[in-house]
Each structure stands twice: as structure tokens, then as C-alpha cells.
Amino acid sequence: MNIEIIPLTEPTSMLVNTLNRWGNDMNLKSLSQPNPSRAELERESILTIEDICHRLKYQHVYLIYLENRLIGEMSYTVDPEHLFHKKSETAWISILIGEPECRGKGIGVMALEYLEEQVRKHGLERIELGVFVFNEPALKLYKKLGYQEIGRIENFTYYEGDMWADIRMEKCF
């Protein structure tokens with residue numbers, strides 16, 4: 001398996017199209033972003049190159065390729081406002097394997113280990129993340145790599161007719 005991870009520096013229209021496809025896939029959207037209602041989950045959103053350029057001002061973004069095909073993206077932000085524990089010098093991370101057939105193959109483990117290495121190189125000693133309680137594969141991955149639950153935010157996201165909790169996890173180096 002030939003995995004390559006590349007820092008995003010210059011967004012392209014092809015990348016925007018892929019991110020919009022992933023961002024509007026109902027199954028993926030329910031796993032990757034909070035949706036306060038069914039209407040919000042079903043609402044289509046469209047990113048532009050300018051949106052991604054703005055994101056790059058405060059976020060370190062990496063693209064995940066398998067056999068030269070874009071299959072996912074991940075990022076970290078330093079000290080965002082939504083941290084559960086407001087400890088400075090903390091990286092908030094996010095990882096998304098956008099192509100369904102690429103999930104469950106160990107790519108997430110490799111990608112997350114790479115992202116952790118980038119966070120350490122940045123000089124940060126703590127990572128925090130959020131994962132929805134129903135996202136069992138992601139929970140299993142994070143626990144396998146040493147993340148521990150530090151809290152929950154109840155009624156955080158809409159999924160399959162109900163509101164669900166967001167589990168906040170951390171890992172310290």
C-alpha cells in the first residue's frame with residue numbers, strides 16, 4: 001500500500017470539488033461534523049478555493065493519498081476556542097478518510113501517527129479531539145493509539161433521528 005501525506009499549501013479546483021463531495025455526503029457528514037438538527041445535516045454547503053485559503057491561515061492541513069489518489073485529509077489547529085480543557089499549546093486534530101472503500105485498512109493509524117509527529121515537531125505536548133459517541137471505528141482507533149476520554153458534551157449532534165454526545169479525548173506526550 002503506497003500512502004503519501006502531503007501538506008496542503010495551494011488549493012486547486014480539483015481539491016475543492018473532492019472536499020465538497022465529501023462534505024455533502026450524508027454518511028460522512030454525520031461522522032465528521034456536528035449537525036444541530038436534521039435540516040443542518042441535510043443542508044448542502046459549498047466550499048470555495050478562498051474558503052480553503054482562509055482555513056490555511058489558522059490550520060495545518062495535510063492531504064492523504066493512496067496510490068496517487070486523494071482519499072482523505074487531516075489537520076491540526078493550535079489552541080482553538082472549542083477545546084474542552086483550555087490548556088495552552090494544545091493541538092486540536094481532525095482526520096477524515098473520505099473514500100469509503102479506503103476505511104478499515106489501517107490508513108487512519110498511519111495518518112494519525114504522521115499527524116502526531118507533525119504536532120510534536122511544532123513543539124506541542126498535548127492533543128485534543130472530539131469524536132461522536134456512535135462513531136465506533138474512530139473511537140477504537142483513538143483508544144488504540146493512547147487517547148483517553150476527558151469529557152462528554154451531551155446532545156451535541158443529530159444522527160438517525162436523535163441527538164448524540166461528543167466524546168472529548170486527549171493524548172499527552
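Let's start with Y114: in this predicted model, Y114 is partly exposed, with a relative accessible area of 22%.

Now, which residue forms an aromatic pair with Y114? That is Y62, and the two ring centres are 5.7 Å apart. The planes stand at 75°, so we call this pair edge-to-face. Y62 itself counts as buried, at 6% relative accessibility. What I like here is where the partners come from: Y62 belongs to strand β2 and Y114 to helix α5, 52 residues apart, so to speak from distant parts of the chain.

There are seven aromatic pairs in the whole structure. Another one is Y142 with Y147, also described as edge-to-face, with 5.7 Å between centres and 65° between planes. Both of these tyrosines are buried.

How many strands does it have? Seven, in an open sheet with mixed pairing, ordered β1-β2-β3-β4-β5-β7-β6. Strands β1 and β6 are at the edges with a single partner each, so one side of each has no neighbour in the sheet. From one strand to the next, the twist averages 25°. As an example of pairing, take β5 and β7: they run antiparallel and share seven bridges. Within that pairing, V131 stands opposite I167 of β7.

Two helices to find on screen next. Helix α1, residues 13-23, packs on the sheet and touches β2, β3 and β4, with its direction at about 85° to that of β3. Helix α5, residues 107-121, packs there as well, touching β1, β2, β3, β4, β5 and β7, and makes about 155° with the direction of β4.

Back to α5, then, the helix that holds Y114. Its 15 residues reach 21 Å from first C-alpha to last, close to the 21 Å expected. Among its buried residues are I107, A111, L115 and Q118. Here is a handy rule: an α-helix has 3.6 residues a turn, so residues three or four places apart point the same way. Just past the helix, G123 takes a positive phi of about 90°.

Last stop: S94 in strand β4. Is S94 buried or partly exposed? Partly exposed, at 35% relative accessible area. Its contacts beyond the close sequence neighbours are E73, M74, S75 and L115, and L115 is one of the buried residues of α5.

How values were computed
Residues numbered from 1 in each chain as written. Predicted model: local features only at pLDDT ≥ 70, side-chain atom pairs only at ≥ 80, totals over all residues. Heavy atoms only, no water. Helix = DSSP H or I, 4+ residues; strand = E, 2+ residues; numbered from the N terminus. Buried < 20%, exposed > 50% of the residue type's maximum accessible area, 1.4 Å probe, protein only. Contact = heavy atoms within 4.5 Å. Pairing = 2+ DSSP bridges. Axes fitted to C-alpha atoms, helices over the stretch in contact; angles between N-to-C directions. Expected span 1.5 Å × (residues − 1). Phe/Tyr/Trp six-rings, centres within 6.5 Å; stacked < 30°, edge-to-face > 60°.
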